[in-house]
Amino acid sequence: MNFLPARLSNLPRDSRDTLFLLMVIGWVILPQVGNLPLWCSLLAGGVLWWRGWLAWTARPLPSRWWLATLLVLTMGATLLTHGTLLGRDAGVTLIVVLLTLKTLELRARRDAFVVFFLSFFTMLTNFFFSQSLLTAAAMLIALLGLLTALVNTHMPVGKPPLMQAAKTAGWMALLGAPIMAVLFVLFPRLAPLWGIPGDGMTGRSGLSANMQVGTIASLALDDSIAMRVRFEGQRPRQSDLYFRGPVLSTFDGREWRPLRSGFPSRMQLPAELQTTGPAIRYQVTLEPNNRPWLLVLDAAATRPVLPGFDMVMTPDLQWMADRPIADIVRYSAQSHVEFRHGPMRPAAGLQDFIDLPPGFNPRTLAFAAELRRDPRYATAKTPELVDAVMDRLRTGGYGYTLDPGVYGQNTADEFWFDRKEGFCEHIASSFVILMRALDIPARIVTGYQGGEVNAVDGFWIVRQRDAHAWAEVWVAGQGWVRVDPTSAVSPSRTGSFQRLQAPQGAFTSALIGVVSPAFALNLRAMWDAMNNGWNQWVLNYTQGKQLDLLKNIGFESPGWEDLGYLLIGIIVAVSLLGAAWTLWERSRHDPWLRLLEQAARRLQKSGLKLPPNSGPRQMARLLLDCYGPTDVQARAVHDWLLRLEQFRYAPASADQQAPRLVTLQRELNQISWPQ
Amino acid sequence: MNPPRSAFGPSPARGRPQWPGKAGSTGAHAWNPVVWVKVRFRQWFESRIPLRDTTTLNQRNVYILPTRPGFMLGATLAVLLISSINYQLNLGYLLTFLLAGSAVVGMHVCHGTLRGMTMNLIAPDACFAGASATIGIHIHCNRRSTRYGIGLSVLESVHWVWTDVPAQGSATVHVAFKPERRGQPVVPTLTAETRFPLGTFRVWTVWRPAARVWVYPAPEAFPPPLPPGEPRAGGAASAQRQSSGEFEGVRAYQRGDPLKLVVWKKVAKADELVSRDAQQVQRMELWLDHAHTGTSSPELKLSRLCAWVLQAEKMGMDYGLRLPGQEIRPGRGEAHKRHCLEALALA
C-alpha cells in the first residue's frame, strides 16, 4: 500500500490544505466527545469525514440548501437535548455544530477565517470540562496546528511544504509566549462579569453529602487527587490526619444524612470547640468538588484563609464556604490535633444522636440490650462500652474488604453477625447504630484519612481513595470523642503508610508490567508533582497571588489598579524599546560603508577636499595628489584604501589572503593620519 | 504567475472579491464628497512620494493597517477573554494571551516581510496604446529570512502577482498594465503588499518609478494599402507613377536574393521566380505623410501611420515619415522603425 503516501504527496494544494485543517479541527473537537451529546459527536465526525472525502476526490461542495437544512435540524436537536439554545452546554454543542458545518462552506477566504476563529473558541470550550496539564498540551498542539493552517493560507505561491508554515507558526508562538506570560501574570483577575450559568458541574467525584452503603466503595478505588497539603513545620502523625468532611447524624435505615442541615445553627447544639497544644499550619490545594466544603484537618478553630469566599463553621466543626468550590482553590488553615468539642454535660439536643429508625436491625438492638444486661457492663460508662465494642471488632473475626458485596435491609445486623466484613462505611455505620442502641449519642464523620507524601515536591497528597468514614461518640465530661472502628478491624488502614493494594491509576497501569513497580511509582510521583506545579502556578494563579507578586516587587498596598499601571508601564517601555531599535536599525549601515565614511571624515578633517560619494580608489588618488607619492603616512592610508577596495570588489582567491573587515577596522584605528 | 489563493475549497470564490477593498474609483463618482476627498487625499499622498526606479523599503515607506479578518480576530480575542473572566478559566487566559501574543508577533513579521527589500524597475519595453504592457520588477532581499506572499500590482488595479523572495536572493515579477494614451508617460504607480503570516494585517508600500515607457499610437486594425511611392526628389527616372501603388521594378531571381524580395504574384502568373529590383525600388520613395492619410480624425491619422510603418517595415521597404514640423528621412530597420514610432507617439 504505497499508493496512499504517493497520493498524499500528489494531492493538489487546495485538497492538502483542507485535509490538514480538517485534521486540526478534529483534534480540537476530540477531547469534547465525552461531553457532547452523542448525536453531536456523530454529526461532527460524519461531516468532517464527508468534507475530507470531498477534498480527497476534489468534488464540489454541497449546496447551501443542504447546509440550511442541516443547520435547522441540528438547532432542533440542540433544543431537544438541552432544552435551550442558551447556556454553556447548549452553547458548546452549537459551536461544535457550527464549526463542522462551516467546513462544508469553505469557499472564499472569509469562510476560512470564520472557521479559524470558531476553532479558537471551540478550543476554549474544552477548558470548561478540564484544565489539566494534558488538556493544555493537547490544546497547545491544536493552537499550533491552527496557526500553521492560517500561515499556510497566506503563502500564495506554489505549494509550500506544510513544515515551512509550521516553522513560522512555531516561531510566532514561541516569541508570543513572553507576551502571554506578562499578560497572564499582570492582567487583573476580575470577578465574573455576570452570573455563570450553574449547569454542567455534575459528575465530578468527591465526597457525597449523604452516605448510602456502597457509595464510598467507588471513591475508595478512585485514584484521582482530592487535595494537596503543604505543612509548615512538622507533619502530624499519619494516625492524626483526619480531614473533616460532612458529619452525618440522621439515619433512616438506608441512608445517613446531616442533621437538620437546613436549620439555622442556633437551633442546633453549639460546637464549643476548645483547642490545646501546638497549632499546625498548612496550605490546602483543593481540587474542585462542586461542594461548599473546605476540608481541614480536625479541628480548625480559626477561619481558613481563602480570598473571595465567605465561610462559616457548622456546629459539627465543618467549614463551609458560601458557594461551591467549582475550581481549584488554595487556602491556608490552622488546626490543633488536641481538642475538645461538644457539650460537656448532657444536653437536650443530644437526643438527636441516639435516634434510630424503628424496624431496622433487630438483632443489633437485641445485642445491645444483651450487653446492657451483662453484669460486667451493668455500671459501665460510655468509654467502657466503646472499648467493649472495639474489642469485639478486634477479636471477633471481623475483616476489612473493599468488596463486601451487596448488603440487605439490615446492614448493621449483616455486618455484626453474618458477613463480618466490609469497609469503613459499613464498619462506622454499624458501630454508630450499635452505640445508639446502647443509648450512647454517636454520629458518623466522613472525610479523608491519611494520604502520602510526594517525594519530588514534598506535598502531602490526599486521593479520593483516602475517603474515609469514622465515628464520634459523646462522652460526658469530654464532649464528642473520635472513635475509628475501622482501625480496630484493620489497623493498617489508618496507622501506616501501607496501602491495601498497589496504586493503579490509568497512568501507572499502562506502565506496570513494562517497568519495575518502583520506577513506575517514581514516574507517578513525578507526574503528580508536575500536575501539582501546574495547579499551583497556573490554575491557582488568583488575584491574591497577583497582589502578593506586586508586594514582592515593592508596592506598599497593591490593588488591581496597580496591576493595570504596571501592565501599561511594561507595554509603554517595550514600545519605546522597539522605537529605539527602529531608529538604531535605520542608522545602521553596511559596515564597509561605515569604514569608508570614517576614512572620508578623517581625510576631510586633515584638509583633503573630497567630492561626495567618492570611492576608495578615488580617495587614494586625491590623497597622493595632495601629499605627493613620497609622504609615508599618505602612502599608508593609500594602501589601506586600496585594501578596502579589494575587500569589496576583488573576488577572494584561494592562494591570496583576502583582508578581513575586522582587520581593516583595526588598521584604520592604528593609521597615523597625514597632517 | 500564480493567482491569489481564494480559499481552501475546490470551488473558486464566486461573487466575492478575493482581496477586498481595492476597487478603483472613477471620475463618475467625482461629485460624491467622500470620493472627492479620497481622490484628493490620494493625489496629495502620491505627490509626496519621490520618483525612483529603485526603492528600498524601510519604516518610512511601509504602511500597516489591520484588515477585516484582523478586526475579526480582535473580536474573537475579546470573546475569549470575557469567557475566561466569566468562567474563571486560567487556562482560557493562557490561550487568549498566547493567541494575542502570536498576533502581535505576526504583526511584526508582516511588517518585516516588506521591510528591508529592494525593488528595481526593469526598463519596460515600448508598447502600443490600448494593448497591455508589462513592467518587470526585480525584488532583492539580502536579509536572512525568506519573504513569503508578496503581491505586486499597479496601484488601484485588482490584478495581483504573487511571489516569494528567497533569503539573500531575488525574484522577478511582471506586472501588466494597459496604457490608454500614446506618449511617453511615467510608469504607473506600483504597490506591493503582503498579508503574511496571519492575514490580520495588510502591509503595503506605494512606489512611483521614475522610468518612462514609450506608448505608441494603437495601430489601425485594417488600414488601407500603403500610399503610392513618390519619385525620389531630383532623381532622373522619376516619372513612373503607378496607380496601383505597387512597385513594379523587377528582375529575374538570382541565387541569394532574400525571399521577401520575391514578387510572389508575378511568380504565380509567370512560371519563373522574379525578384524586386532594388535599384528600381530605390528610385521610388515611400513617404508616409501625415497630411495624406485619407482621414481627418487626428488620432486615426496617427493610428494609420503607425499601422503603415509596421507594414512597410514588415515588407522590408524603405519609408519616410512626414509629420507636422518633422520629417524623418526614408530608411529601414529596427532603429528607424522605433524612431518613427516614437515620433508618432509624441505627435
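Colleague: Before we start, how should I read the numbering and the values?

Modeller: This is a predicted model, in which local features need pLDDT of at least 70, side-chain atom pairs count only at pLDDT 80 or more, and totals for chains, interfaces and linings use all residues. Residues are numbered from 1 along each chain as its sequence is written, chains are lettered from A and ligands numbered from 1 in the order in which they are written, and side-chain values use heavy atoms, with hydrogens and water left out.

Colleague: Happy with that. What makes E105(A) and R64(A) a salt bridge?

Modeller: The term asks for a side-chain nitrogen of Lys or Arg within 4 Å of a carboxyl oxygen of Asp or Glu. In this pair the closest N and O atoms are 3.3 Å apart, so E105(A) and R64(A) meet the rule. The two residues sit 41 apart in the chain: E105(A) in the loop between α5 and α6 of chain A, R64(A) in helix α4 (residues 64-82) of chain A. Helices here are DSSP runs of H or I with at least four residues, strands are E runs of at least two, and both are numbered from the N terminus.

Colleague: How many salt bridges are there over all chains, and how many between chain A and chain B?

Modeller: The search of the whole structure gives 35, while the count between chain A and chain B is zero.

Colleague: Now the sheets. Why are β4(A) and β5(A) called paired strands?

Modeller: Two strands pair if DSSP finds at least two bridges between them. Two bridges join β4(A) to β5(A) (residues 255-257), so the pair meets the rule, and the strands run antiparallel. The bridge partner of F251(A) is W256(A) in β5(A). Helix α13 (residues 424-437) of chain A packs on this sheet, touching β1, β4 and β5 of chain A, and its direction makes about 75° with that of β5(A). Axes are lines fitted to C-alpha atoms, for helices over the stretch in contact, and angles run from 0 to 180 degrees between N-to-C directions.

Colleague: And what makes β11 and β15 of chain A edge strands?

Modeller: Five strands form an open antiparallel sheet in the order β11-β6-β2-β16-β15 (chain A). β11 (329-340) and β15 (452-453) each have a single partner strand, so one side of each is left without a neighbour in the sheet. Elsewhere in that sheet, β2(A) and β16(A) pair over four bridges, and the bridge partner of R228(A) is I461(A).

Colleague: Where does the cis peptide bond from D298(A) to A299(A) fall, and what is its omega?

Modeller: Omega is near -5°, and A299(A) is in the loop between β8 and β9 of chain A.

Terms used
Contact = heavy atoms within 4.5 Å.
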